[in-house]
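Q: Hi! Could you walk me through the aromatic contacts in this one?

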Amino acid sequence: MPIVGVQEIRRKQLIDATLASVAEYGLHNTTINSISRLAGMSSGIISHYFGGKQGLIEATVKQLLEELKLALLRKTNGGERHSPRQRLMLIVEANFTEFQRSQPTIKFWLSFWAQAMHDPALARLQHINSRRLYSNLRYSFRQLLGEAAATSAARQTAAMIDGFWLRSAMSADPSADFAQAEGLCKSFIEQLLTPHGAKTCH
């Protein structure tokens, strides 16, 4: 197996172990030792690939952001031409995939958001995440609404998606709440579009 292939496999294993460690111990109490133990590797490998715990945490966040990006690409690049309205619905779905609703991912995001308030590097990644969601939404809303209305609609919808995701993640029955949250976000988009006569736009 090529060296690059081995490196990528090990990096993926360490990122998966980081998710598992944060799910079990929380971000603050996760250590190089807890990650390396769960990965079945020596702690020195973490320093070799990521420079330490902080580098690995940032790489894990970037991987979660990449998962969000890929989820949307998989939904929109199937060869079918999607209307702006359909694309808005697919953006919602991409934020509520099984991966984003899994317990390790939920616990990591919750720990990450709490830590990002005190860590500039993590805060920057959170800004990238928020900006990407807003930009994706605004791109489609602009094709259906006026400039100002599209900006407002994108901000409101992004807040709805983040808010409902967080509320569902904290609920006693996340599975049911996530399914309901996805439907409510889609209904909200319909309400934003219909008064503006965008219902039949493509």
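This is a predicted model: local features need pLDDT of at least 70, side-chain atom pairs count only at pLDDT 80 or more; totals for chains, interfaces and linings use all residues.

Q: How many aromatic pairs does a search of the whole structure find?

A: Six. Rings of Phe, Tyr and Trp (its six-membered ring) pair if their centres lie within 6.5 Å; planes under 30 degrees apart count as stacked, over 60 as edge-to-face and the rest as tilted. One of the pairs is tryptophan 109 with phenylalanine 112, edge-to-face at 5.5 Å centre to centre and 70 degrees between the planes.

Q: Why are tryptophan 109 and phenylalanine 112 separated by about one helical turn?

A: Because they are three residues apart in helix α6 (residues 103–116). Helices here are DSSP runs of H or I, at least four residues, numbered from the N terminus.

Q: And tryptophan 109, buried or exposed?

A: Buried, at 2% relative accessibility. Phenylalanine 112 is buried as well, at 1%. Buried means under 20% relative accessible area, exposed over 50%, partly exposed in between (1.4 Å probe, protein chains only).

Q: What about the rings of tryptophan 113 and tryptophan 165?

A: Their centres are 5.4 Å apart and their planes are at 85 degrees, so that pair is edge-to-face. It links distant parts of the chain, 52 residues apart: tryptophan 113 is in helix α6 and tryptophan 165 in helix α8 (residues 147–169). Tryptophan 113 is partly exposed at 23%, whereas tryptophan 165 is buried at 6%.

Q: Which residues form one aromatic cluster?

A: Phe96, Trp109, Phe112, Trp113, Trp165 and Phe178.

How values were computed: Residues are numbered from 1 along each chain as its sequence is written. Side-chain values use heavy atoms; hydrogens and water are left out. Helices (H or I, at least four residues) and strands (E, at least two) are DSSP runs, numbered from the N terminus.
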